[in-house]
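Reader: Could you take me through how the features of a structure such as this are read, beginning with the general idea each time?

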Amino acid sequence: MKAKYRKWRRALSGLALVGSLAAAPAAWAEVDPVFLNNRATRLLNAGDVDGAIADLNEAIRLDPKLAAAYVNRGLIYAQRRDQARAMADYDAALALGAGKSAYTNRGNLFMSMGQHERAVADYQAALKLQPLASLTLINLAIAYREMGRYEESLRAADHSYRLKTEPRAQVVRGDTLLLMGDYAAAESAYTKAIVTVRKYTEAYRDRAYARLKLGKYDLAMEDADKAVELEPGRPDVLNNRCWLRAIAGRDLQQAAADCDAALANAPTNAGIFHTRAYARLRAGDVSGASADLERADALQPDAPDILFLRGAIKLRSGNEADARADITRALKLNPIVHRDYDGLALPAWASAP
């Protein structure tokens, strides 16, 4: 688990389409905005995005005050990464009196834009309308975690779990505990999720990291293997297994093979290049590590882990001045970035922001 620029962000919950209450008789369905809105949700669920957009455009033309149509169209725009249009539709829906889903979806959009405080405000507004919305609480926990407000993140996740036996809340809780350095509590949270959902890929993936940090390498690898078994071609689980081996400095050829497989499915992911760079460095391949870091930095400049590892390589080559610059900047961006680099035997100043 990397607290830094997060190679794989936890997906938000509660991206909900909004259906209207009534369906129209077939004779006048094509001119009924409520029917068109409802049909758009069915088209979108069937994968016909263009058809859904067309229905929603027509529904809004026929009834410019149909809030649900704006919410649904905003969700489609958000999925297409058209943030400006998505925001305009969510704003319009809320101005028309849309409810919890509009606030939750706009909060998710703010999260995707890195505007965590505004996301928190929207999630809180949604919860005022529906206090028992478990998935909105989970998203609030994620937002707090991204802001470094870990105790508030735990409270939101715990509240969600109490309202509903929600295994996702336990995974989010575990992720926050990892950042706090409480690996035993994180392991317990992931285990609770796995007890509820036996085939929970993310729970196995993240529990593997917690177990590695607790010195349980064999158990960690069992979890990492299980995650890969559940979803064999998934880049983040392959990357995670590569990362665990790199941290431990063990089975480094297998680590590189996992990173290679992950890159085959995600060739522009900076995090995977960084992970392979670390595995190569642990194996003594300094030039290969440097090449991977250059590619990672080109894809995601100034990411804390990339800066930190680049500084470590410069330090190894005797370039202490440049190494200090990179490592100091990395620590300022993420004060706990050094946690997974113990195997490099860096000087004490490399762990102090």
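Author: What follows takes a disulfide and then a pair of helices.

Author: This is a predicted model, in which local features need pLDDT of at least 70 and side-chain atom pairs count only at pLDDT 80 or more, while totals for chains, interfaces and linings use all residues. Residues are numbered from 1 along each chain as its sequence is written, and side-chain values use heavy atoms, with hydrogens and water left out.

Reader: Which residues form a disulfide?

Author: A disulfide is a covalent bond between the sulfur atoms of two cysteines. The criterion is a pair of cysteine sulfur atoms within 2.5 Å; here Cys-242 and Cys-259 form a disulfide, with their sulfur atoms 2.3 Å apart. Because Cys-242 lies in helix α13 (residues 235-248) and Cys-259 in helix α14 (residues 252-265), the pair ties together parts that are 17 residues apart in sequence, helices being DSSP runs (H or I, at least four residues). The link of Cys-242 and Cys-259 is left-handed, with -100° about the S-S bond.

Reader: Is Cys-242 buried or exposed?

Author: Cys-242 counts as buried, at 0% relative accessibility, where buried means under 20% relative accessible area (1.4 Å probe, protein chains only). Cys-259 is likewise buried, at 0%.

Reader: How do the axes of helix α4 and helix α5 cross?

Author: Two packed helices are described by the angle between their axes and the distance between the axes. The axes of α4 (residues 83-95) and α5 (residues 100-112) come within 10 Å and cross at roughly 155°, which makes α4 roughly antiparallel to α5, a term for angles over 145 degrees. Axes here are lines fitted to C-alpha atoms over the stretch in contact, with angles from 0 to 180 degrees between N-to-C directions.

Terms used. Helices (H or I, at least four residues) and strands (E, at least two) are DSSP runs, numbered from the N terminus. Buried means under 20% relative accessible area, exposed over 50%, partly exposed in between (1.4 Å probe, protein chains only). Angles under 35 degrees count as roughly parallel, over 145 as roughly antiparallel, 65 to 115 as roughly perpendicular and the rest as oblique.
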